[in-house]
Amino acid sequence: MTFSYSLVSVWLDLAGVFFFAVSGSLLAARKQFDIVGSLLLASVVSLGGGVIRDLIINAGPPAAFTNPAYLAPPLLATVLVYFLFPSVRRFTSLLVLFDAGGLALFCITGSLKALAAGMHPVAAVLLGVTTAVGGGLLRDVTANEVPQLFDPGDIYALPAFAGAGLTVALSVTGTFGVLTASAVAAVVFAFRVTAWRRQWHAPLAVRGRHRPGLDGAQNGPAD
């Protein structure tokens, strides 16, 4: 593997933390939380996936508790949303965009760190997906929202699977680098946003069944 979990990966991780933190603060604003609640929700979504990842691979204390740099993105996101939210329109679209950015970066860094820890490629893919969706799941549960991961009218985990799979495949073949990392992130981001815009969804658990209210929820993405 030519692309190790290095300083570049840490910066990708921090960028993903920021994107997820903004999505958490935007959701807090929509739910009319106070600024403390906004900071806490931003921290939960942006740091939760990484904490789960580090605990699973037994990497010692999670990076969120040992590297002060990981505390800056949630604080910055909270301040930005506090000052910019009154002038932000269509903030649900922004929430999805920032969430997609975090998803794209975390499925890459989670997979890379799993490979660096010596995990099997299949396990590395699963950990990459867990890292990517874990924070969003915690965010939605904390804010009393239906988790996007389980929304029958949306696709959330599949883009993360695609990104983690591509990352692992490129890594084990020695072709993963900065350019390919950017390409993978772009693919995941485009997949997630396009799926949301076009209301793509996976088949339900039982073939031919339709969940009440699902069709009505697919008239178009909310603003």
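Of the 223 residues in the protein chain, 45% count as buried, a class that takes in residues under 20% relative accessible area, with exposed meaning over 50% and partly exposed the range in between (1.4 Å probe, protein chains only). The model is a predicted one, in which local features need a pLDDT of at least 70 and side-chain atom pairs count only at pLDDT 80 or more, while totals for chains, interfaces and linings use all residues. Residues are numbered from 1 along each chain as its sequence is written, and side-chain values use heavy atoms, with hydrogens and water left out.

The protein chain contains eight helices and zero strands, where helices (H or I, at least four residues) and strands (E, at least two) are DSSP runs numbered from the N terminus. Read from that end, the order of elements is α-α-α-α-α-α-α-α. Among contacts (heavy atoms within 4.5 Å) between residues at least 6 apart in sequence, 76% join residues at least 24 apart.

Confidence is expressed as pLDDT, the predictor's confidence in each residue on a scale from 0 to 100. The average over the protein chain is 86, and 87% of the residues score at least 70. Confidence is lowest in helix α3 (residues 63-66), with a mean of 85, and highest in helix α7 (residues 157-172), at 96. Over residues 1-5 the pLDDT stays under 50, and the model has 18 contacts beyond four places in sequence for this stretch. Residues 216-220 also have a pLDDT below 50, and they make four contacts in the model beyond near neighbours in sequence.

Helix α7 packs against two other helices, and the geometry is described with axes, which are lines fitted to C-alpha atoms, for helices over the stretch in contact, with angles running from 0 to 180 degrees between N-to-C directions. The axes of α7 and helix α8 (residues 178-197) come within 8 Å and cross at roughly 165 degrees. The two helices are therefore roughly antiparallel to each other, since angles under 35 degrees count as roughly parallel, over 145 as roughly antiparallel, 65 to 115 as roughly perpendicular and the rest as oblique. The crossing of α7 and α8 is right-handed, a term used if the near helix is turned clockwise from the far one by less than a right angle, left-handed being the anticlockwise case. Residues making this contact include Leu 158, Gly 163 and Leu 170 of α7 and Val 184, Val 188 and Phe 191 of α8.

On α6 (residues 121-142), packing with α7 occurs at an angle of about 140 degrees, with the axes 8 Å apart, which makes α6 oblique to α7. This crossing, too, is right-handed. Among the residues in contact are Val 125, Leu 126 and Val 129 of α6 and Phe 161, Ala 164 and Val 168 of α7. Leu 126 counts as partly exposed because its relative accessibility is 46%.

Five aromatic pairs are present in the structure, a pair being rings of Phe, Tyr and Trp (its six-membered ring) whose centres lie within 6.5 Å, with planes under 30 degrees apart counted as stacked, over 60 as edge-to-face and the rest as tilted. Phe 20 and Phe 106 form an edge-to-face pair, 5.3 Å centre to centre and with 70 degrees between the planes. This pair links distant parts of the chain, as Phe 20 lies in helix α1 (residues 7-30) and Phe 106 in helix α5 (residues 91-116), 86 residues apart. Both Phe 20 and Phe 106 are buried. One aromatic cluster is formed by Phe 18, Phe 19 and Phe 98.
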